[in-house]
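Here are my notes on the model, point by point. Have the structure open as you read.

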There are 2 protein chains.
Amino acid sequence: MKPMKISEAVVRRLPVYLQVLNDLSARDVQTVSSQELGNRLDLNPAQIRKDLAYFGDFGRKGIGYDVTYLIEKIRQILKLDQPLNVALVGAGNLGRALCNYNTYLKDNMKITAVFDVHPSMIGTSINGLTVLPMEKLKETIVERHIRIGIITVPAIEAQNVADKFVEAGVDGILNFAPTILRVQDAVRIHYANFTTELMSLAYYLDEEGEENENEADLD
Amino acid sequence: MKPMKISEAVVRRLPVYLQVLNDLSARDVQTVSSQELGNRLDLNPAQIRKDLAYFGDFGRKGIGYDVTYLIEKIRQILKLDQPLNVALVGAGNLGRALCNYNTYLKDNMKITAVFDVHPSMIGTSINGLTVLPMEKLKETIVERHIRIGIITVPAIEAQNVADKFVEAGVDGILNFAPTILRVQDAVRIHYANFTTELMSLAYYLDEEGEENENEADLD
């Protein structure tokens, strides 16, 4: 089953909705209105209703959304109901920090292998994962059915790591190195660049120190 | 001067354009076509032309964009032509990794202060910055005209840090903790959540291991 076309902005908001819904579920909240979700996420409720309407008619007027049902639906849409193994290359500060997120990745998505080129790193343990040499990358990715590769190496080494990931057969790359990668079209790349995050936040700060109104287009 | 309304997706792409343009400029490239930019960024050239058209008529048919001029324009739009001081709370692995990005932040945007609650961290140095105690947060933010606060503490401490940032008068927060923050409307929050990044990447991997076609809406 092919998913329908959903804009990237919506795909980026879905995990955020999921985070809030999981939080509500943990506190035994049964239903939530788009207004409440909007308050928690600083999003217009109409935007939320529009986003969720892509996936079916979940909400009920005057009652809101069933939290458990909505969690299940979003998990399906994001394919979090299936196992997804992830590998990481670059066991420096950032790589170590990301491995510690495994604790939050309660879903089937997990970093299951960590690699580095530095002999001093190889064999050390990060949050239960042993750092492996790059020579083991391909066989480990194949054996463990790893589909996503994370790059946390310096910019100058990132393309080389990306090439190795692609050769080993990953389907997606999350690149933290501040550089644009070139890979074949079949591999999806997302950039998690701290610098660009900061720059896009800076855009919204105006000269007087007040936030600009910059709401998404609403129906 | 108030900037015009630009969609968040475009604002997120502008720093990426800037990164490629800076790279071209460093190699003395004078002009670039939307086709070349598209190849480098794995984006449809029509999308790039549309994005850049928001800001004026930069491109020339058959010649392309003037690299230097486009860099200058994007820097103005993102307000990178003005100094922007940033503070960070949480000097763990992630905080340390982000401080090291200062090297890439060639623009006026810099992390100029780092804070932590742990006595063992206070007074230590990260990439030339001395870790300060939380008691110094407010006075440092005021004195150094810091406008953005970065949160790299555990989820459970994040709201408390956000409250302190807001009280100290920052205009924007970049939150790396995997939790939704509540702050007053005037303060803009961006979330840099590794988990949500991974989840939105996972969305684009389909069952057969091939990328889904999911192009942005083009005119």
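1. Contact here means heavy atoms within 4.5 Å. On that rule, 75 residues of chain B are in contact with 75 residues of chain A. Before going on, some ground rules: this is a predicted model, where local features need pLDDT of at least 70 and side-chain atom pairs count only at pLDDT 80 or more, while totals for chains, interfaces and linings use all residues. Residues are numbered from 1 along each chain as its sequence is written, chains are lettered from A and ligands numbered from 1 in the order in which they are written, and side-chain values use heavy atoms, with hydrogens and water left out.

2. How much area is buried between chain B and chain A? About 7,400 Å², with carbon and sulfur atoms giving 61% of that. Buried area is the accessible area (1.4 Å probe) that two parts lose on being put together, summed over both.

3. One to look at is B:Glu197 with A:Arg12, at 3.5 Å from N to O. Helix α8 (residues 194-203) of chain B gives the most to the side of chain B that touches chain A, with ten residues. Helices (H or I, at least four residues) and strands (E, at least two) are DSSP runs, numbered from the N terminus.

4. The residues on the side of chain B that touches chain A split into 43 nonpolar, 13 polar and 19 charged. For the bookkeeping, Ala, Val, Leu, Ile, Met, Phe, Trp, Tyr, Cys and Pro count as nonpolar, Asp, Glu, Lys and Arg as charged, and the others, Gly among them, as polar.

5. Now the symmetry. Chain B can be laid on chain A with an RMSD of 0.0 Å by a turn of 180° and a shift of 0.0 Å along the axis; copies are superposed by least squares on the C-alpha atoms of residues with pLDDT of at least 70 in both. The two copies are thus related as by a two-fold rotation axis. In chain B, the C-alpha nearest the axis belongs to B:Asn93, 2.4 Å from it. Also, 100% of the interface residues of chain B are interface residues in chain A as well, so the copies meet through the same surface.

6. Inside chain A, seven strands form an open sheet with mixed pairing, in the order β5-β6-β4-β3-β7-β8-β9. Two strands pair if DSSP finds at least two bridges between them. The edge strands of chain A are β5 (125-126) and β9 (188-191), each pairing on one side only. Strands β3 (residues 84-89) and β7 (residues 146-151) of chain A run parallel and are joined by five bridges, with A:Gly149 as the bridge partner of A:Ala87.

7. In chain B, the parallel pairing of β4 (residues 109-116) with β6 (residues 129-133) has three bridges, and B:Phe115 stands opposite B:Leu132.

8. Over all chains, the salt bridge count is ten. In one of the pairs, A:Asp171 and A:Arg147 have their closest N and O atoms 2.6 Å apart. A:Asp171 sits in the loop between α7 (155-168) and β8 (172-175) of chain A and A:Arg147 in strand β7 of chain A, so the pair ties together parts that are 24 residues apart in sequence.

Conventions:
Salt bridge = Lys/Arg side-chain N within 4 Å of Asp/Glu carboxyl O.
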